[in-house]
Amino acid sequence: MTDQVLIRPIGEDERVAWEPLWIAYLEFYKAKLPQETRDVTWRRFHDPSEPIFALGAYINGRMVGIAHYMFHRSAWTLGDYCYLQDLYVDETVRGSGAGRALIEGVCDQAKASGASRVHWLTQPGNSPARILYDKIAEDSGFMQYRVIF
Ligand SMILES: CC(C)(COP(=O)(O)OP(=O)(O)OC[C@H]1O[C@@H](n2cnc3c(N)ncnc32)[C@H](O)[C@@H]1OP(=O)(O)O)[C@@H](O)C(=O)NCCC(=O)NCCS
């Protein structure tokens with residue numbers, strides 16, 4: 001029988017479980033962040049005045065995946081949109097449904113907040129992610145451009 005995946009907000013006392021998953025995700029993108037950014041981001045997740053949130057996926061009580069998401073205004077709707085910025089599942093449990101459950105969890109939170117959309121980006125060559133996304137969402141057909149300062 002497959003172990004059940006539980007999705008819930010990551011508590012303020014769970015940084016020790018969250019941080020290795022966050023670092024592994026950053027490594028996946030060959031990225032590094034200064035300690036100050038990690039500290040501030042962590043504080044923002046637990047500051048009720050901030051529109052950024054973190055969900056964890058748990059199997060047998062162990063945090064095995066994370067999703068970071070945030071709400072933002074839209075000129076097209078009265079309600080906010082929800083942007084799923086980061087999604088990561090520990091390599092050892094991939095294929096157990098944690099990734100899907102995390103996206104569904106973000107959608108549940110977004111619906112409960114009155115948002116009308118959850119959207120996210122991925123790289124065209126990220127096949128495992130795209131196999132999952134193609135099952136549960138529609139490809140918007142938009143490309144992302146960016147100017148970095
Ligand atoms: C993308 C990622 C989050 C998926 O997490 P996961 O827990 O393995 O995904 P799930 O187990 O929920 O898989 C969901 C579906 O996709 C399929 N799938 C996932 N990975 C697959 C793979 N490597 N090959 C084939 N199918 C795959 C599963 O069969 C499953 O289908 P089902 O629900 O119909 O049975 C995970 O691979 C990951 O963390 N990758 C590295 C970071 C990353 O790419 N993040 C996303 C950035 S946009």
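Modeller: We begin with the elements: helices (H or I, at least four residues) and strands (E, at least two) are DSSP runs, numbered from the N terminus. Residues are counted from 1 along each chain, in the order in which its sequence is written. The model is predicted, and for that reason local features need pLDDT of at least 70 and side-chain atom pairs count only at pLDDT 80 or more, while totals for chains, interfaces and linings use all residues.

Biologist: In which element does I52 lie?

Modeller: I52 belongs to strand 2.

Biologist: Is I52 buried, partly exposed or exposed?

Modeller: Burial is a count of other C-beta atoms, placed from the backbone, within 10 Å of the residue's own: 20 or more means buried, 12 or fewer exposed, and anything in between partly exposed. I52 has 14 such neighbours inside 10 Å and therefore counts as partly exposed. Strand 2 itself is mostly covered, with 7 of its 8 residues buried.

Biologist: Which residues is I52 in contact with, leaving aside its neighbours within four places in sequence?

Modeller: A contact requires C-beta atoms, placed from the backbone, within 7 Å of each other. On that basis I52 is in contact with R44, F45, H68 and M70. A separate C-alpha to C-alpha distance places I52 9.7 Å from C82, although the two are 30 residues apart in sequence.

Biologist: In what order do the strands form the sheet?

Modeller: Strands of a sheet pair through backbone hydrogen bonds, either parallel or antiparallel. Here two strands pair if DSSP finds at least two bridges between them. The 5 strands of this model form an open sheet in the order 1-2-3-4-5, with mixed pairing. Its edges are strand 1 (5–9) and strand 5 (118–119), each pairing on one side only.

Biologist: How many bridges join strand 2 to strand 3?

Modeller: There are 8, and the two strands run antiparallel; Y58 stands opposite M63 in strand 3. Strand 1 and strand 2 also run antiparallel, joined by 5 bridges. In that pairing I7 stands opposite A57, and P9 stands opposite L55.

Biologist: Where does N60 lie?

Modeller: N60 lies in the loop between strand 2 and strand 3. Most residues other than glycine have a negative phi. N60 is exposed because 9 other C-beta atoms lie within 10 Å. K30, in the loop between helix 1 and helix 2 (35–45), likewise has a positive phi, near 50°. With 6 C-beta neighbours inside 10 Å, K30 therefore counts as exposed.

Biologist: Which residues have the most contacts inside the largest nonpolar core?

Modeller: A nonpolar core is a set of buried Ala, Val, Leu, Ile, Met, Phe, Trp, Tyr and Cys residues joined through C-beta atoms within 7 Å. The largest one has 27 residues, and those with the most contacts inside it are A57, A67, L84, A98, L102 and V106. Strand 2 (52–59), strand 3 (62–72), strand 4 and helix 3 each supply at least two of its residues. Beyond four places in sequence, L102 touches I7, L55, A57, G65, A67 and L87.

Definitions and conventions
Contact = placed C-beta atoms within 7 Å.
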